[in-house]
Amino acid sequence: MTDPKPEQQESLQRLDGDETLIAVPSGQPVALQDVIWNVPGPEGLAVRFRFVAPQIAREGGTIPYEVAAEDILHLCQTYALPRLAEFGPQPTQIIISMSDQPVPFGESAPQATQFFEAFTPQDDLCIWEIF
């Protein structure tokens, strides 16, 4: 992920998460790191829900991408969609990310395992987009 441009940094809105665990189908421990909005994504206005999921780690992790992908869709449907109204205008895209460790937004972290998926909110569903 690239750093937001200076003019985007000014409009960037961020809500910190906490250590509350969120239930996902795999049963792995997942917590909200933060929510980022007001920074355009590739398809227009996007809201990014960023989660920490230590079990996706390359070394010592027990959750492969295929399992994490089901958790990501679940987080979009049951966590992100119900909260969209809290973040201003309806976005054209929801981006769900998981990282095995907290990563500051816009910074490179080659040591971190990170998964990203983008969805279009449509009729109370998250429609998966192919990057």
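Predicted model: local features only at pLDDT ≥ 70, side-chain atom pairs only at ≥ 80, totals over all residues.

User: Which residues are linked in the network of salt bridges?
Analyst: Arg 14, Asp 16, Asp 34 and Arg 50. Asp 16 meets Arg 14 at 2.9 Å, N to O. Asp 34 meets Arg 14, also at 2.9 Å. Asp 34 meets Arg 50 at 2.6 Å.

User: Asp 34, buried or exposed?
Analyst: Buried, since its relative accessibility is 0%. Arg 50 is buried too, at 7%. Asp 16 is partly exposed at 48%, and Arg 14 is partly exposed at 49%.

User: What does the pair of Asp 34 and Arg 14 tie together?
Analyst: Asp 34 lies in strand 2 and Arg 14 in strand 1, so the pair ties together parts 20 residues apart in sequence. The pair of Asp 34 and Arg 50 links strand 2 to strand 3, 16 residues apart.

User: Switching to the largest nonpolar core. Which residues touch the most other members?
Analyst: Phe 49, Phe 51, Leu 75, Ile 94, Ile 96 and Met 98, out of 27 residues. Strands 2, 3, 4 and 5 and helix 2 each supply at least two residues.

User: Which gives the most to this core?
Analyst: Helix 2, with six residues.

User: And what is Ile 94 in contact with?
Analyst: Leaving aside neighbours within four places in sequence, its contacts include Val 47, Phe 49, Cys 76, Leu 84, Phe 119 and Cys 126. Glu 117 and Pro 121 are among them as well.

How values were computed. Residues numbered from 1 in each chain as written. Heavy atoms only, no water. Core = buried A, V, L, I, M, F, W, Y, C linked by side-chain atoms within 4.5 Å. Buried < 20%, exposed > 50% of the residue type's maximum accessible area, 1.4 Å probe, protein only. Helix = DSSP H or I, 4+ residues; strand = E, 2+ residues; numbered from the N terminus. Contact = heavy atoms within 4.5 Å. Salt bridge = Lys/Arg side-chain N within 4 Å of Asp/Glu carboxyl O.
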